[in-house]
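Trainee: I'd like to learn how to read side-chain features off a model. Can we go through one together?

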Amino acid sequence: KTARAVPGISREEESADGFEVVQRKIKEKGAEKPAAEAPVVTQPSQTDAEREAERRREVEAQRAQEAAARQAKAREEWEKEQEELRKIEARKEQQRRQAELHKPKVDRSEFAKAILRIEKKLREIEALEQQQAEGKALAPLQLEKISKKDDLKAEVEENKVKEEEYQIELAKQKEIEEAKKREEEVAALKQQMQASQEMQSQMNRKGK
């Protein structure tokens, strides 16, 4: 049987070189063929996953930092409001004390003044009566003054009653003013507490 020709090698080369030469050339020819490339399998990139996780951590850290900054700002505003309220209250208290210091003295009532005037006249009458008892002659005007003694005493008693009623009414008025003042202080305190609560609520909302 006729031998099969090897591709790429002539029959003359097969007969001339011999079997070994033919085999070597066959191997060389086979080596020249490119080897089939293995299929490339794409694996998930671990680096991308780590990069995404790092990005998320940075975003969360930034959000936490912004929230802390908002809360700190709200706290600072609230403290400023409280400081302003304290200053206002301090100014009001100082004004009240200054008003008390410069408050004019209350004059005696007209009834008290009348009592003092009448009692002075009664003392003068007593002096005249003492002179009369000692035997000294008195002038007509002095005798007329002595004759008004009982009327003056009655007028003193009348003014004393009116003065007592006046003092009672004055005490009532003072109690009313003090009660009103206490109500104003309570209202101011409630307003201050409400403002503080509103500021705290705003601070909490901004913190969220």
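Trainee: Let's start with E52: buried, partly exposed or exposed?

Mentor: Keep in mind that we are looking at a predicted model. The cut-offs are under 20% relative accessible area for buried and over 50% for exposed. E52 has 31% relative accessibility, so it counts as partly exposed.

Trainee: Which residue does the side chain of E52 meet in a salt bridge?

Mentor: The general idea is that side chains of opposite charge can pair when their charged atoms come close. Here the partner is R55, at 2.8 Å from N to O. R55 is partly exposed too, because its relative accessible area is 43%.

Trainee: How many residues apart are E52 and R55, and where do they lie?

Mentor: They are 3 residues apart, about one turn of the helix, and both lie in helix α2, which covers residues 46-101.

Trainee: What does E54 pair with?

Mentor: E54 forms a salt bridge with R57, and their closest N and O atoms are 2.5 Å apart. Both are in helix α2, again with 3 residues, about one turn, between their places. E54 has 36% relative accessibility, so call it partly exposed. R57, at 49%, also counts as partly exposed.

Trainee: And what about R97: which side chain does it meet in a salt bridge?

Mentor: That of E93, at 3.2 Å from N to O. This pair is 4 residues apart in helix α2, about one turn of the helix. Look at the accessibility, though: R97 is exposed because its relative accessible area is 53%, whereas E93, at 30%, is partly exposed.

Trainee: Now a glutamate elsewhere. Is E163 buried or exposed?

Mentor: E163 is buried, because its relative accessible area is 14% and the cut-off for buried is under 20%. You'll find E163 in helix α5, residues 149-207.

Trainee: What does the side chain of E163 have a polar contact with?

Mentor: With the side chain of Q167, at 2.7 Å. If you skip neighbours within four places in sequence, E163 is in contact with S109, F111, A112 and I115.

Trainee: What is L138 in contact with, leaving aside neighbours within four places in sequence?

Mentor: L128, Q131, Q132, L143 and I146.

Trainee: How many residues apart along the chain are Q197 and W78, and what separates their C-alpha atoms?

Mentor: They are 119 residues apart along the chain, and 9.9 Å separates the C-alpha atoms.

Methods:
Residues are numbered from 1 along each chain as its sequence is written. This is a predicted model: local features need pLDDT of at least 70, side-chain atom pairs count only at pLDDT 80 or more; totals for chains, interfaces and linings use all residues. Side-chain values use heavy atoms; hydrogens and water are left out. Helices (H or I, at least four residues) and strands (E, at least two) are DSSP runs, numbered from the N terminus. Buried means under 20% relative accessible area, exposed over 50%, partly exposed in between (1.4 Å probe, protein chains only). A polar contact is a pair of N or O atoms within 3.5 Å; within protein, one must be able to donate a hydrogen and the other to accept it, and residues adjacent in sequence count only if both atoms are side-chain atoms. Contact means heavy atoms within 4.5 Å. A salt bridge is a side-chain nitrogen of Lys or Arg within 4 Å of a carboxyl oxygen of Asp or Glu.
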